[in-house]
Amino acid sequence: QSSNGPVKKSMREKAVERRNVNKEHNSNFKAGYIPIDEDRLHKTGLRGRKGNLAICVIILLFILAVINLIITLVIWAVIRIGPNGCDSMEFHESGLLRFKQVSDMGVIHPLYKSTVGGRRNENLVITGNNQPIVFQQGTTKLSVENNKTSITSDIGMQFFDPRTQNILFSTDYETHEFHLPSGVKSLNVQKASTERITSNATSDLNIKVDGRAIVRGNEGVFIMGKTIEFHMGGNMELKAENSIILNGSVMVSTTRLPSSSSGDQLGSGDWVRYKLCMCADGTLFKVQVTSQNMGCQISDNPCGNTH
């Protein structure tokens, strides 16, 4: 370098200088070396909590895949999906679901106003494995068991022929008179409110109860028949606001009535005995027995002179 500026070197001098510099750098292995702590370097990848979270996500996805595979296999085995479609059921555009084979189900929830039926020329067979078959819609329930079939409803029921639309049985007493369906011989109810109870002209009307039967009428109770019989294991009580009228031949079987063969108990005070008396018009009244061989001749009997 001179006062007039840098000295220009020839091409040969530049080449020699470059060669010397390269030789020096190639032999100096510590050139540009800086000691660095590896723990402080920026590390790539998922490490620490992120790595554990990634492993948990992968395991969860694997479990979901296995569950999905099991569900798919179960659906394939139950519905029996094959190359030609589903072998056990059919889906129609009208919303009809048709089962083509025997199906095992627990609880079925049809949609609103749904219908369960069979083919036109085949019977619909529904079987419960040691359990009753129950059809329920709201408060209306139909239960089919081994020894009985029961129907309960709070709003009433009606049976009709789907082809002719003729009403076979209805509890709408205001529109239809109540009749037992053909083949039904008995009706089991806990409480019934009706204007009258009748039987066919060729059959008897039997009312049987296990405990106590109460027949009550707001405007009276009228019992009419060719022969009326009352059989009871306990007491029979007749109550009326005005009168009780027995029209016809009245017979009372005294085989089960309590009686005393002697009159020793009349004055003991332990027993109060009454004699049942009847007027010629059928009016019944009682007379307290105060002595042996006492008749119905009392001063205040309701029959007057005829008794």
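## Strands, pocket and disulfides in a predicted model

β5 and β6 run antiparallel to each other and pair over five bridges. The coordinates behind this report are a predicted model. Within that pairing, Val134 sits opposite Ser143 in β6.

The pair belongs to an open sheet of three strands, ordered β5-β6-β7, with antiparallel pairing. From one strand to the next, the twist averages 5 degrees.

**The second largest pocket**

β5 also matters for the next topic. Which strand gives the most to the lining of the second largest pocket? β5 does, with five residues. Four strands each supply at least two residues of this lining: β4, β5, β6 and β8. Their ranges are tabulated here.

| Strand | Residues | Supply to the lining |
|---|---|---|
| β4 | 97–99 | at least two residues |
| β5 | 133–137 | at least two residues |
| β6 | 140–144 | at least two residues |
| β8 | 158–160 | at least two residues |

The volume of the second largest pocket is about 2,800 Å³. Its lining is made up of 49 residues. Val116, Gly117, Leu124, Ile126 and Phe135 are the lining residues that lie nearest the centre of the pocket. How does the lining divide by residue class, and how many residues are nonpolar, polar and charged? There are 23 nonpolar residues, 19 polar ones and seven charged ones.

**The annotated span**

An unreviewed UniProt entry lists residues 53–79 as "transmembrane region". In the model, this span is 100% helix and 0% strand. The C-alpha atoms at the ends of residues 53–79 are 38 Å apart.

**Disulfides**

How many disulfides does the structure hold? It holds two. One of them links Cys277 and Cys296, with an S to S distance of 1.9 Å. The torsion about the S-S bond of Cys277 and Cys296 is about -85 degrees, so this disulfide is left-handed. Cys277 lies in strand β10 (residues 274–278), whereas Cys296 lies in the segment after β11 (284–288), so the pair ties together parts that are 19 residues apart in sequence.

Definitions and conventions:
Residues are numbered from 1 along each chain as its sequence is written. This is a predicted model: local features need pLDDT of at least 70, side-chain atom pairs count only at pLDDT 80 or more; totals for chains, interfaces and linings use all residues. Side-chain values use heavy atoms; hydrogens and water are left out. On a 1 Å grid over the protein atoms alone, a cavity is a set of points where a 1.4 Å probe fits but cannot get out, and a pocket is an open set with protein on both sides within 12 Å along at least five of seven lines; lining residues have an atom within 4 Å of a point. Grid points are joined across faces, edges and corners, and a volume is the space filled by probe spheres set on the points. Ala, Val, Leu, Ile, Met, Phe, Trp, Tyr, Cys and Pro count as nonpolar, Asp, Glu, Lys and Arg as charged, and the others, Gly among them, as polar. UniProt positions are given in the numbering used here, feature names are shortened, and annotations may be inferred rather than shown by experiment. Two strands pair if DSSP finds at least two bridges between them. Axes are lines fitted to C-alpha atoms, for helices over the stretch in contact, and angles run from 0 to 180 degrees between N-to-C directions. A disulfide is a pair of cysteine sulfur atoms within 2.5 Å.
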